Amino acid sequence: VQPVVLGIQALLLGMLTTFIQHLYVDPLIGSWGGWSVLFVMSPWLYAYHQVSTQATQVASIHSRLQATRSALESLMANLPVGVFRVGLRGQFMSGNAALVNMLGLTSLDELLQCNLSEFVVIDEWPEQTMRQWLAAMREQKVLTREGPLRTRQGAIVWVRSTVRLTLDAEGQVESIDGTVEDITERHTALAELQRTNDLIRQ
């Protein structure tokens, strides 16, 4: 849109400039009869004003959108929890730095080449198939679960995951969006407490 508006603006500006040049050169245009040409040109002058105003508004909107996008990207990059979007087959579509670090990866590009199934220790989760996950999310809208992930290096990280479905305009599942919070320390402390209580009961 913006290039078209700027093109029209340049065309109208050229016509106006040509008229003003002739105004100083041609005596006929300088006469009272010639000023009728200015009356004829008035719609073009108004059009130039409107196009200039629209061009300024478009530039302002574009600038605000860019600033908003940059702010959101910065916020997502600096969140202390992992943020992700995966497709229905589990392929990562987006993520942030916290998730990259949590999974033991080196970059976002590496994450986007991975599948969620590479990291989930599926036997430890309440839903153990993608069909079960989708059914649970359709029923509860927002689903929160706790379970282990296996990092690229093989270490186990316990996380609290909150996920929801993203639907397209026709109501079909488009992707799965979610967050993961590292709760390994809490899980380890609770497990240790449970072992201590078991020893006391013996």
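I began with aromatic rings: those of Phe, Tyr and Trp (its six-membered ring) pair if their centres lie within 6.5 Å, and planes under 30 degrees apart count as stacked, over 60 as edge-to-face and the rest as tilted. I noted that the model is predicted, that local features need pLDDT of at least 70 and side-chain atom pairs 80 or more, while totals for chains, interfaces and linings use all residues. Residues are numbered from 1 along each chain as its sequence is written, and side-chain values use heavy atoms, with hydrogens and water left out.

**Entry 1. Aromatic rings**

I searched the whole structure and found two aromatic pairs. The ring centres of F84 and F92 are 6.5 Å apart and the planes stand at 85°, so this pair is edge-to-face. I then looked up burial (buried means under 20% relative accessible area, exposed over 50%, partly exposed in between, with a 1.4 Å probe and protein chains only). Both F84 and F92 are buried. Together with F119, F84 and F92 form one aromatic cluster.

**Entry 2. The sheet**

I took helices (H or I, at least four residues) and strands (E, at least two) as DSSP runs, numbered from the N terminus. Two strands pair if DSSP finds at least two bridges between them. In general, strands of a sheet pair through backbone hydrogen bonds, either parallel or antiparallel.

In which order do the five strands form the open sheet? I read the order as β2-β1-β5-β4-β3, with antiparallel pairing. The edges are held by β2 (92-95) and β3 (142-150); each has a single partner strand, so one side of each is left without a neighbour in the sheet. On average, neighbouring strands are turned by 30° against each other, direction ignored. For such angles, axes are lines fitted to C-alpha atoms, for helices over the stretch in contact, and angles run from 0 to 180 degrees between N-to-C directions.

I next followed the bridges. Strand β1 (residues 82-86) pairs with β2 over three bridges, and R85 has S94 in β2 as its bridge partner. Five bridges join β1 to β5, where V86 stands opposite I176. Nine bridges join β4 to β5, and R160 has E181 in β5 as its bridge partner. The hairpin of β4 and β5 has five residues between the strands, and G171 there takes a positive phi near 85°.

**Entry 3. Helices on the sheet**

I used contact in the sense of heavy atoms within 4.5 Å. Helix α7 (residues 184-201) lies across β3, β4 and β5 and runs at about 125° to β4.

Which residues of α6 are buried? I found W133, A136 and M137 to be buried. Seen down the axis of α6, the buried residues fall within an arc of 100° (taken from the directions from the helix axis to the C-beta atoms), so they line one face of the helix. These buried residues pack against β3, β4 and β5. On the other side of α6, R131 and E139 are exposed. After α6 comes K141, whose phi is positive, near 65°.

**Entry 4. N115**

I located N115 in the loop between α5 (108-111) and α6. N115 is buried, with a relative accessible area of 18%.

I then examined its polar contacts (pairs of N or O atoms within 3.5 Å; within protein, one must be able to donate a hydrogen and the other to accept it, and residues adjacent in sequence count only if both atoms are side-chain atoms). The side chain of N115 reaches the backbone oxygen of R89 at 2.9 Å, and makes a polar contact with the side chain of S117 (2.9 Å). Leaving aside neighbours within four places in sequence, N115 is in contact with R89, G90, Q91 and F92.
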